[in-house]
Amino acid sequence: MANKAKKSGNPPTDYERIFHPQRLAIIGVSAEASGAGFGTGIFKSITAMAFAGEILPVNPKGGSIDGLNIFKSVEEIPGEIDFAIIAVAARFVPDVLDACRKKGAAGAEIISSGFSELGTDEGKELERRIKEIAAKGIRVVGPNCFGIYCPASGLTLLPGPDLSRESGPVAFIAQSGGMSIDFAHAGKWMGVRFSKMVSFGNGADLRETDLLRYFKDDPETRVISMYIEGIQNGDSFFKEIKTTASKKPVIVYKGGLSRAGARTVASHTASMGGSGTIWRSILKQANAVQVHDTEELAQTSLAFALLPPKTFSGISVIGGGGAIGVTACDTAEAYDIEIPPLADDLQARIYDYLPKPGSSAINPVDVANPFVPPQYLKEVLLAAAEDKRIELQIIVSLLYHYKSIAKTFNKTVAEITPYKELARVIREVADKTGKPVIAVLPNAKRGVDDLDIIEMIALTKKEYVDYGIPVFDELHDAIRTVAHVNTYYGGKNHE
Amino acid sequence: MNKDRAVKIIHEAMRRGHKTLSEYESKQVLAAYDIPVTKEILLKDKNHLEKAVAKIGYPLVMKGCSPEIAHKTEKGLIHVDIRNIKEAKKAFNEIMAGLKGVDGGVLVQEMIKGRRELVMGMTRDAQFGPCVMFGLGGIFTEILKDISFRRAPLKKRNALDMMKEIRGHKILDAVRGMEAADKIILADMLINVGRIGMEIPEVSEIDLNPVIIYKSKPVVVDALIVLEKA
């Protein structure tokens, strides 16, 4: 209903004013010393993020906050507003929303709860009124959500005062606010940079399909990630995700796939076509990438953001660790990726740089010893990249071993580990050869005795991330993300 | 494609209060959608047996046929590899006795020889509507669950992807002296199963099991169409 009304009467949604508002009203901000609700929380978060536009706090009691005058009503705000964040009690929300609409707001996010999620008649009625008002020409995110995060403008999720202001290519869509805030925080240290993130809660108006349609054409978004619990309309969702995935990668973590229960069916086909099976097929048919947990979602987003848009059928794996070669080959084979033995002359060249005995230059290249200097590793990577069959390289560094020699040199682990040089070398090789290099930093020592190692690894990751090098904890994660990239671009070219 | 003919069969069955189509009716619906099915004749009268047998030719299969029976094998209602009129008459008598007054008849059917059995089907997903299934058929369907689905309508490419996707996809190739299965016909069959789902809302589920590959050609040997509860 809401959508129909929009199609017939209202102008197209002005997403620019929603994600990058110049004038932002926050309704439900309490004056200083009169307690701190969600409204004040989001006000403080947005201020801490150094939001780029003008903030217009509203509360019927008036007063001031952080030196800003609090308007007693939306109507009292002079001039138009672009966007509103609504954090008042549920029963006041419809009137406030309508006031925002009359003030010219292109959209509003409602972070208040107390709507259809309660299952009460009152809650459902309030949500119905929200839909009604939305249909008159204001787009609504929520209710019962954590809202929008947009690093470029400084809009942030509900408890998100310290999210990154650095923009990137990844958009994220989810009903779940908790999932959104987790991913926003994880992205910061993992190196996933976001264009926009929307947690839409009950999804009274804007939902998965509308947002897909928007991100499909959003020039700030190259990769779309989403967490889905339920969808509203299978047909329009399928069509939208299919067209979107034909333009840019769409990564989907579908929750709630456990066996759907009680439907009684007579045929074998129906009994085998449970919701999990059908979702898997639907996503395949749309050439969307299906992942199975939040970690895989983040890793896959990172890979799509940083790797060039192509498939990688042959890779090299270079690094240390006894079983690394076997693990690499087993994993790669499972994902249909080849680790071909390098050409003989290249093997000979590589062997010159490796400690002896115990090393191997075949591919996987076993460097045998975790202390091979970055400059040597650079030569190894450069040589391996000369093999035509190698399209991508993975370097596995067991940096935690540096702790064993730190004491001898009277230095901390972070001081003795040449991670800065390593990051620089990896970047140089990737740039020079045009073949991407993925870094893997396994850490077997994560207990309280080794907090210094954990710190060093975190610093290393930050260095890599700053250089735009995809970095993972485990080799398996790295290979799996390459497989996802292959599946997507393989399927796309097949179109 | 003859949708009207298919719908007519379905409405007639619904009018009689049936919740499923008999094998014979199911195959007529499939045939209306250009899906290759076994050559067969439905009989109630033993006097017509000889004529029917002559038309189908030996060896043949005889089955009890009624919308009210689902699991024919377990009830002794299938007789295979019938090679002469004596065997045919015996089978007819046994099947009629087995039907025990259930409204139905005897299906005289050509026997399709082939070692490769596939399954196709259609189910309606609550979210995504009609979805088509492809997989290994016969007794392996439920044991191995080596199946794939696509949402209808299907393009040829979707149908070919479904075939590639099952673990046992190599049985469609030329293996062990068998010809490669005709994937174009298989693809058309899948597309048309999807079309039934799209065009006839009264059909809630379809099972084609087995679809046997004879030389290179797939033929639907048994079929079940489940109707929407009116």
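# A tour of chains A and B

Start by selecting R101(A), which is buried because 21 other C-beta atoms lie within 10 Å of its own, and a residue counts as buried at 20 or more. Keep in mind throughout that this is a predicted model.

**Around R101(A)**

Now show the secondary structure around this residue. R101(A) belongs to helix 4 of chain A, which covers residues 93-102. Next, select I133(A), K136(A), G137(A) and I138(A). These are the residues in contact with R101(A) once its neighbours within four places in sequence are left aside. Then pick E463(A), which is 362 residues away from R101(A) along the chain. Draw a distance between the two C-alpha atoms: the separation is 46 Å.

**The two domains of chain A**

Where they touch, 10 residues of domain 1 of chain A are in contact with 14 residues of domain 2 of chain A. Select helix 11 of chain A, residues 294-306: on the domain 1 side, this helix supplies the largest share of the touching residues, namely four. By class, that side of domain 1 has five nonpolar and five polar residues, and no charged ones.

**The sheet of chain B**

Move to chain B and display its strands. In what order do the four strands of the open sheet in chain B lie? The order is 2-5-3-4, with antiparallel pairing. At the edges are strand 2 (40-43) and strand 4 (78-82) of chain B, each of which pairs on one side only. From one strand to the next, the twist averages 20°.

Zoom in on strand 3 of chain B, residues 60-65. Three bridges join strand 3 to strand 4 of chain B in the antiparallel sense. To see a bridge, select M62(B) together with H79(B), its bridge partner in strand 4 of chain B.

**The helices across the sheet**

Helix 2, residues 23-32, lies across strand 2, strand 3 and strand 5 (105-110) of chain B. The angle between helix 2 and strand 3 of chain B is about 110°. Helix 4 of chain B, residues 85-99, lies across strand 3, strand 4 and strand 5 of chain B. Helix 4 of chain B runs at about 15° to strand 3 of chain B.

Methods: Residues are numbered from 1 along each chain as its sequence is written. Chains are lettered from A and ligands numbered from 1 in the order in which they are written. This is a predicted model: local features need pLDDT of at least 70, side-chain atom pairs count only at pLDDT 80 or more; totals for chains, interfaces and linings use all residues. Helices (H or I, at least four residues) and strands (E, at least two) are DSSP runs, numbered from the N terminus. A residue is buried if 20 or more other C-beta atoms lie within 10 Å of its own, exposed if 12 or fewer, and partly exposed in between; C-beta atoms are placed from the backbone. Two residues are in contact if their C-beta atoms, placed from the backbone, lie within 7 Å. Two strands pair if DSSP finds at least two bridges between them. Axes are lines fitted to C-alpha atoms, for helices over the stretch in contact, and angles run from 0 to 180 degrees between N-to-C directions. Ala, Val, Leu, Ile, Met, Phe, Trp, Tyr, Cys and Pro count as nonpolar, Asp, Glu, Lys and Arg as charged, and the others, Gly among them, as polar.
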